Amino acid sequence: MTGLSGVGKTSVLQRLENEGYDVVDTDDHGYTKKVATGEGEEIVWDEEEISHLIERKRHTHLILSGCYSNQGKFYKSFEYVVLLEAPLDVMLGRVNKRNTNPYGKHPVERKEIIGNFTHVLPKLRAGADVVIDTSKVSISETADRLKSLMILAHQVRI
């Protein structure tokens, strides 16, 4: 599962985890690293760690979440790539109201979110198998759609 800041990834993951599903938010579990780029530094998935995670969980119903420039290298390892999206004003409003993650409250970070909406979101859409507009469905409905995809892919039942 992928998507920009403020689309509801963390909320959906929490809901699924509470229901007993195996979820990993790569923002929180040491699966990223900083790398030097021509424009400074960028946080990306630690490809070795992500590879190990996928291998360890190969026979389970893992829901992996993140949004990093190198995630496309792993798309072939997933049954479905699900993009959560929302209109920009909804995303910015959610980021402003949330208290679980400080990212997006600083003007520089808000500018980055706006830039990502313009430049990154089209790339995410191009790589997604399923797109869910979280401004039109609840967290519960989004979680139900992900569970349906798992059932289709693996006949998993919890």
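Lys-147 is buried, with a relative accessibility of 15% (buried denotes under 20% relative accessible area, exposed over 50%, and partly exposed the range in between, with a 1.4 Å probe and protein chains only). The structure is a predicted model, in which local features require pLDDT of at least 70 and side-chain atom pairs count only at pLDDT 80 or more, whereas totals for chains, interfaces and linings use all residues. Residues are numbered from 1 along each chain as its sequence is written, and side-chain values use heavy atoms, with hydrogens and water left out.

The side chain of Lys-147 forms a salt bridge with Glu-19, with 2.6 Å between the closest N and O atoms; a salt bridge is defined as a side-chain nitrogen of Lys or Arg within 4 Å of a carboxyl oxygen of Asp or Glu. Because Lys-147 belongs to helix 6 and Glu-19 to the loop between helix 1 and strand 1 (22-25), this pair ties together parts that are 128 residues apart in sequence. Helices (H or I, at least four residues) and strands (E, at least two) are DSSP runs numbered from the N terminus. Glu-19 is partly exposed, at a relative accessible area of 31%. Both residues take part in a salt-bridge network that also includes Arg-15 and Asp-144.

In total, eight salt bridges are found. One of them joins Lys-73 to Glu-47, at an N to O distance of 2.9 Å. Lys-73 is located in the loop between strand 4 (62-65) and strand 5, and Glu-47 in helix 2 (residues 47-56), so parts 26 residues apart in sequence are tied together. Lys-73 is exposed, at 51% relative accessibility, while Glu-47 is partly exposed, at 29%. A further salt bridge links Lys-34 and Glu-41 at 4.0 Å, N to O, and both of these residues are exposed.

The largest nonpolar core comprises 26 residues, and Val-12, Leu-16, Ile-63, Leu-84 and Leu-146 have the most contacts inside it. Such a core is a set of buried Ala, Val, Leu, Ile, Met, Phe, Trp, Tyr and Cys residues joined through side-chain atoms within 4.5 Å. At least two core residues come from each of helix 1 (9-18), strand 5 (82-85), helix 3 (88-97), helix 5 (121-127) and helix 6 (139-154). Helix 6 makes the greatest contribution, with four residues. Leu-146 is in contact (heavy atoms within 4.5 Å) with Met-1, Val-12, Leu-16 and Val-82, residues up to four places away in sequence not being counted. Another core, of nine residues, lies apart from this one and includes Ile-50, Leu-53, Ile-54 and Leu-64.
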